[in-house]
Amino acid sequence: MHSPFMNKEAYDSGEAHMVLMNLMQSSVDALKSGFEATIQSLNSDEPIPPWHALSLDPISEFVPCMDGHSSFSSNHTYACQNTDMYAFVPHWAMGSENRVGNDVWGWTDAESGREFGMVGQGDGTAFVELQSNGSVDYLGRLPTQSVDSIWRDIKVIGNIAYIGSEAEGHGVQIFNLSKLLAPGLKDAPKEYNITTDLISLFDKLPIGRSHNIVSHSSKPLIAAVGSMPRNDSCAAGLIFIDVSDPENPKSVGCASEDGYVHDAQCLTYHGPHAKYEGADICYSFNEDAFTIFDITNTLSPVIISTTPYYGVSYSHQGWVVDENDQRYLLLDDELDEIFSRGWASNNTTVTYIWNIEDLEHPILTGHFNSAIKAIDHNLYIVDGLAYEANYKAGLRVIDVSSVNEDPTGSSFAEVAFFDVFPEDDEVGGVAEFSGAWSSYPYFKSGFILVNSMDRGLFVLKLTV
């Protein structure tokens, strides 16, 4: 039975969204207050907690997962399964004064095969390079375009990064990642200039804010979503930007009919619904529903379906299980665990399973409950494995390859994890913000990037 967390008016007005934003803001405010208190204690006789982010040193050596833990030192010990740690870089060591992390994405230079990470922080984006042994070189950073913000989002098409933020006046920074190939950066990291080092700046968002940046999987098209205000003509929906010429990004329409879009996955459709074969589809997560758009004509997008679901609290993000055979999609809801709703009544993380064989009538076929209490955030799926960044539970890897045979989720299994937030382990986890914001599992080398809000960047690799 569909029973939303709040009534439709609360979602339409943004009241439900503010519940989420305020909870996150309170968490980050507490985190930053802890940083300030720790800085003050450096000049006093008060001890600093050994696990505190400001006391964590970088790690540049292999730390295997043995007997359930990856242990480099007493303040660098993390519960794990089938996941080894190769490096760790705290936010302070990547040039951030804000020291709060958020999104993370990756880029592989097509010619050399070198692998790079873009690490979102409250005050900008840090750039790192992964070496073949998993160690990390910090190369520099691009500051925020306006002011600090908890929320920053990064996507890449070709060798170009597109960076948005909830900060007013920010717009979308367009940065050529080939700059990271310049010699000498690991010895002298560079602070890039927000004017002279950008290819261009897309400054046509209503007030410069965006909650997420979505990139089409196979076309030079991005979408800024959650671009406030809601009463703008695009209603904070999908705002499409043609980036075929990154120096001259162009507005090419928006999808406003279903209002605010929190996140989406946009790609060319290849699946069983023959009517839409070859169409451009956006699977969108719209607070109180799962909405599917046909955006083949970005100037006139069409809603294919919008579907509420059992336990819906805040439809946040999701990903198709197989981009080449789009039969199933997994969705995460960001408020169900906090408020113990539906299948998350015991605060354990819920992953929702959707049959999307008929795009006009998606069906919620089942769910998977983690054994650990935690809020889920971003998930991505590679070769039947779902990589979930579940805040204080860290990276959780779920084998979802059985979904075609058993779409209820009863055959899903957690096959690996790395808990980047050990402070709550003794109580079995808590459904609170902090810990792992997002992961990037697409490198050919097998290295996985995990960006922690309170600590920094982890470089991991599965052993399964």
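**Close-up 1. The disulfide between Cys-266 and Cys-282.** Cys-266 and Cys-282 form a disulfide in which the sulfur atoms lie 2.0 Å apart, a disulfide being a pair of cysteine sulfur atoms within 2.5 Å. The pair links distant parts of the chain, with Cys-266 in strand 18 (residues 263-268) and Cys-282 in strand 19 (residues 280-285), 16 residues apart; strands (E, at least two residues) are DSSP runs, numbered from the N terminus. The torsion about the S-S bond of Cys-266 and Cys-282 is about 105°, so this disulfide is right-handed. Cys-266 is buried at a relative accessible area of 4%, and Cys-282 is buried at 0%, where buried means under 20% relative accessible area (1.4 Å probe, protein chains only). The model is predicted: local features need pLDDT of at least 70, side-chain atom pairs count only at pLDDT 80 or more, and totals for chains, interfaces and linings use all residues. Residues are numbered from 1 along each chain as its sequence is written, and side-chain values use heavy atoms, with hydrogens and water left out.

**Close-up 2. The disulfide between Cys-65 and Cys-80.** Cys-65 is joined to Cys-80 by a disulfide with an S to S distance of 2.1 Å. This pair links distant parts of the chain, Cys-65 being in strand 1 (residues 65-66) and Cys-80 in strand 3 (residues 76-81), 15 residues apart. Because the torsion about the S-S bond of Cys-65 and Cys-80 is about 105°, the disulfide is right-handed. Both Cys-65 and Cys-80 are buried.

**Close-up 3. The disulfide between Cys-234 and Cys-254.** A disulfide joins Cys-234 to Cys-254, S to S 2.2 Å. Cys-234 lies in the loop between strand 15 (221-225) and strand 16 (238-242), and Cys-254 in strand 17 (residues 250-255), so the pair ties together parts that are 20 residues apart in sequence. The torsion about the S-S bond of Cys-234 and Cys-254 is about -85°, so the disulfide is left-handed.

**Close-up 4. The largest cavity.** The largest cavity holds about 60 Å³ of space; on a 1 Å grid over the protein atoms alone, a cavity is a set of points where a 1.4 Å probe fits but cannot get out, and lining residues have an atom within 4 Å of a point. The residues that line the largest cavity include Asp-103, Arg-152, Asp-153, Asn-212, Asn-378 and Trp-437.

**Close-up 5. The second largest cavity.** About 40 Å³ of space lies in the second largest cavity, whose lining includes Leu-20, Met-24, His-262 and Glu-334.

Note on methods:
1 Å grid on protein atoms, 1.4 Å probe; cavity = no way out; pocket = protein on both sides within 12 Å on 5 of 7 lines; lining within 4 Å. Points joined across faces, edges and corners; volume = space filled by probe spheres on them. Helix = DSSP H or I, 4+ residues; strand = E, 2+ residues; numbered from the N terminus. Buried < 20%, exposed > 50% of the residue type's maximum accessible area, 1.4 Å probe, protein only.
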